[in-house]
Amino acid sequence: VAHLRLSQLCELLKEASLAARLEGDDRVIRGVNTLSDASDGELGFLSNPKYLRSLEQTRASAVILPDQVPSPSGLSTIRCSDPYSAVTLAIVHLHGHRQHPKWGLSERATIHPSAKIGANPCLAPGVTIAADAVIGDDCVFYPGCYIGCSARIGNGCVLFPNVVVYDGCVLGNRVTIHAGSVIGEDGLGYAPRSDRWVKIPQVGRAVIGDDVEIGANCTIDRATLGQTEIGAGTKFGNVIVIGHGTKVGPDCLFVGLVGVAGSVTVGKHVTLAGQVGIAGHCSIGDNVRAGAQSGIAGDIEEGSEVFGSPAMPIENARRSLAVVPKLPELMRRLRDLEREVKDLRKQLNDRAECNLSDERRAP
Amino acid sequence: VAHLRLSQLCELLKEASLAARLEGDDRVIRGVNTLSDASDGELGFLSNPKYLRSLEQTRASAVILPDQVPSPSGLSTIRCSDPYSAVTLAIVHLHGHRQHPKWGLSERATIHPSAKIGANPCLAPGVTIAADAVIGDDCVFYPGCYIGCSARIGNGCVLFPNVVVYDGCVLGNRVTIHAGSVIGEDGLGYAPRSDRWVKIPQVGRAVIGDDVEIGANCTIDRATLGQTEIGAGTKFGNVIVIGHGTKVGPDCLFVGLVGVAGSVTVGKHVTLAGQVGIAGHCSIGDNVRAGAQSGIAGDIEEGSEVFGSPAMPIENARRSLAVVPKLPELMRRLRDLEREVKDLRKQLNDRAECNLSDERRAP
Amino acid sequence: VAHLRLSQLCELLKEASLAARLEGDDRVIRGVNTLSDASDGELGFLSNPKYLRSLEQTRASAVILPDQVPSPSGLSTIRCSDPYSAVTLAIVHLHGHRQHPKWGLSERATIHPSAKIGANPCLAPGVTIAADAVIGDDCVFYPGCYIGCSARIGNGCVLFPNVVVYDGCVLGNRVTIHAGSVIGEDGLGYAPRSDRWVKIPQVGRAVIGDDVEIGANCTIDRATLGQTEIGAGTKFGNVIVIGHGTKVGPDCLFVGLVGVAGSVTVGKHVTLAGQVGIAGHCSIGDNVRAGAQSGIAGDIEEGSEVFGSPAMPIENARRSLAVVPKLPELMRRLRDLEREVKDLRKQLNDRAECNLSDERRAP
């Protein structure tokens, strides 16, 4: 089991260009945990102020805190302006990344004789690799993975159980795909003829960039023609659905249950929160952020933050959606006003009549 | 084939504390069916008044009805105040639960020598069990299931085809998971450094309580640290997505396509309808009910019923959303009022001017 | 590699009852591509006016255009009033449909002795076929597919990797199901007893019609009693969730992430865009169209086009949702009016008082 002195951790953080300062005893730490689950010998952290109370009650031995949060008594504290990156580094050093089973090249994997397998393979029982596929070095394929004909997988890829890569699709280097995700299935491509749907052969492919990580049970269509693309460094949550011919830029982050239709262009470093939907043929600029359940049916300018369905600029959305629960009251006030105005009109008319009759009386 | 006299069924219902009364002939029943599909010798039931017409047209021999619904002529009737529970019992007695194939311990299952397998295993071809996994008694794993290193599965669990349990995760007793669901994949845990995403090793686990049933193609993240939890007796539909570190209480019911982000706390007996989304770090009280497509971005008090996106109390939501289709009319009425008020203002001013000129004329 | 003269393509189009006319040189074409990706020797097409600019910049040798779009200089043009159908036919002739691997009857497939397998099987390694299943002629099952006990699969079906068909379910002829989809899992059927959920055995089945194509990672519940049905010729995108007992008509098109609850009736040729949800027991008429993210909680008349959540007629929805971003302004204008009206009322009262005092002064 790994362990680390807090002073050693501070050194490691400095080496990673994360300024860090130890306050309190230089304790030995053997693991990282949440504030509420941590016990003696463990390191906690706080980045979300919502959990300040957990900070007071934690049984952790030490904690990583941003500058502005006071340290509770009895806890050694590592001060760091970026607690999230600091705790990431601590987890890497104390827990490390997942160790995969050592399957080598299992006899129960089925590999077509024409497929090319790189150095140091780890191909589990139940893996199937079809004709002319090319697999890079140091790949780990868990049980039930399928690599279609002529697909190409880069070096250092990890495919968890039951991942499917259709024929002709391409994965870059160090791509990680979680269980049950499917790359390169046919998109919903049909030509309507009278009331029937005539299948358009989907002859394009899907291309996944380097260092992409894809969650579980995602589906990324192949293109009808040309290619569907997921840019390098992009990270997907679970059950992301990407339509045919869509091109997602690098370093994006999509949360679970996001659906992007076909022929969409998404720029770089775009963040889509849970259950966001984007309609076909839209263009989404760099650094766009869309709030949960947003429905995007038009182009979005780079740098915008949008929310709502249909999506609008975030500030507009917040103010507008805050009115929705008051709509019945708004309706009532409108009705009151109408009554009031009608009454005023009547009074004014009565007055006018009265004046007229006065006038008539006057002479 | 099982069959049952209606009088026997009434006895069974009484034994299960469900008061039941037979009206009409004591017929022999050999199956349960929907009112519209039932034929002679079958038992139908009505619990939703929407199907009253089917009751008149059914060819069933008998029917289970609540007290207030009159019985059609020619049909034997079992009166029961809880027709849903009554028909459940009838189905159990006449049709029984699914019989699983008898695979024993298939030679085509791959079981690591260090794994511990309980009594009476039913492990299909293509099952893979990794090192140090512990499997309870009487478990049924369909083809393509994967149990990761050191995972622990309780007694009497049924995993349908291609279910994946990641390393270190835990299932209680009598857990049922439908095809393609994934337990314990990594969540979307990255620390942002400039515009890149640095992977945070997800070293926690997912823990599923006793008697949980999970639908097909669901994904339940492991925790970054500590554990994701699904409480005992909770039932999930299909394609439910649960984020890392989220804790769902016992006896909840989540309908399909629900997404719950990370670090959410859900109380007991919470019902989430289809496509509901809950944002990260929210706290949902016991017995909360959320309507379909609700978007929850804050804490919800126990016992509340909410609806809408953003979610609001159900009555408020119903009244507010009923106004939305009238918004164009509301806008028009507002414009009319503005014109009217401007006109009144003008008349009042004219009158004032007129009076002034009267006054000026007066002397 | 296939190739085709443009004049030959025109002939083929005419044979398929698609009127087509060649303008410009009769070039040889060796493939179809998008306007932006096409190179010399390739055929492009334009159906969406959004891509007019790509038409000017394309390096394609020829292009299929509708009548009203002028042809750029240097490009041979095939005029066709239905470019989508024309390009489909060109793709079929130049690229063809996918060639499946030739697995024959793999020794690594596990087939129960009581199962009946039709002529010309292509059953991959890792396929499992349970007792009493009946498989038609010319079926292709990719690795990891599971066919449950007594399930029946028609002729010419293609199941991509890890497709699961539960016990007793039925597929018609020429059904295509993409990777990871599940047919016939149990629906969310429980009888509530106090705060617990009592499992209702799901003894019905799911029946998929001829020529249905289902995307990746979909889930189609079996019925509690009777059957869930997907009509002939219907096409599903990815991650479609269909509840128990729901009956979908023929020739429908459902885009990704659509959720249809249980006991819903959907007519023929219904189009549901992405992330649409339909609540239980609704009835959706023929030829209905629902826009993305619509939430349908009631019956929809045939031929209607709806949008929004809750769904309303499309024109109403467009006008209503266009008001939502103006709600804060609407609120402000209402407040201004209230102030204005209050002020008018005051003036009128003052005037009345003034008149009264005038009157009092008058004598």
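Reader: Leaving aside its neighbours within four places in sequence, which residues is A:Ala311 in contact with?

Author: This is a predicted model, in which local features need pLDDT of at least 70 and side-chain atom pairs count only at pLDDT 80 or more, while totals for chains, interfaces and linings use all residues. Residues are numbered from 1 along each chain as its sequence is written, chains are lettered from A and ligands numbered from 1 in the order in which they are written, and side-chain values use heavy atoms, with hydrogens and water left out. Contact means heavy atoms within 4.5 Å. With neighbours within four places set aside, A:Ala311 is in contact with A:Ser294, A:Gly295, A:Ile296 and A:Val306. A:Gly295 lies 16 residues from A:Ala311 in sequence and 5.4 Å from it in space, C-alpha to C-alpha.

Reader: Where is the place of A:Ala311 in chain A?

Author: Helices (H or I, at least four residues) and strands (E, at least two) are DSSP runs, numbered from the N terminus. A:Ala311 belongs to the loop between β38 (305-307) and β39 (312-313) of chain A.

Reader: Does A:Ser61 count as buried or exposed, and what polar contact does its side chain make?

Author: Buried means under 20% relative accessible area, exposed over 50%, and partly exposed in between (1.4 Å probe, protein chains only). A:Ser61 has 7% relative accessibility and therefore counts as buried, whereas A:Ala311, at 24%, counts as partly exposed. A polar contact is a pair of N or O atoms within 3.5 Å; within protein, one must be able to donate a hydrogen and the other to accept it, and residues adjacent in sequence count only if both atoms are side-chain atoms. The side chain of A:Ser61 makes such a contact with the side chain of A:Asp40, at 3.1 Å. A:Ser61 sits in the loop between α2 (52-57) and β6 (62-65) of chain A.

Reader: How many residues of chain A are in contact with chain B, and what area is buried between the two chains?

Author: Buried area is the accessible area (1.4 Å probe) that two parts lose on being put together, summed over both. Chain A brings 69 residues into contact with 76 residues of chain B. The area buried between them is about 5700 Å², and carbon and sulfur atoms give 61% of it. On the side of chain A, A:Arg98, A:Arg345 and A:Leu348 lose the most area to chain B, together 10% of what that side buries.

Reader: How many salt bridges are counted between chain A and chain B?

Author: A salt bridge is a side-chain nitrogen of Lys or Arg within 4 Å of a carboxyl oxygen of Asp or Glu. The count between chain A and chain B is 8; one of them joins A:Arg98 to B:Asp167 (3.0 Å, N to O). There are also 32 residue pairs in polar contact, both at pLDDT 80 or more. The largest share of this side of chain A, 15 residues, comes from α5(A).

Reader: Which element gives the largest share of the side of chain A that touches chain C?

Author: Across the interface of chain A and chain C, 33 residue pairs are in polar contact (both at pLDDT 80 or more). The largest share of the side of chain A that touches chain C again comes from α5(A), with 12 residues. A:Arg333 forms a salt bridge with C:Glu338, the closest N and O atoms being 2.8 Å apart.
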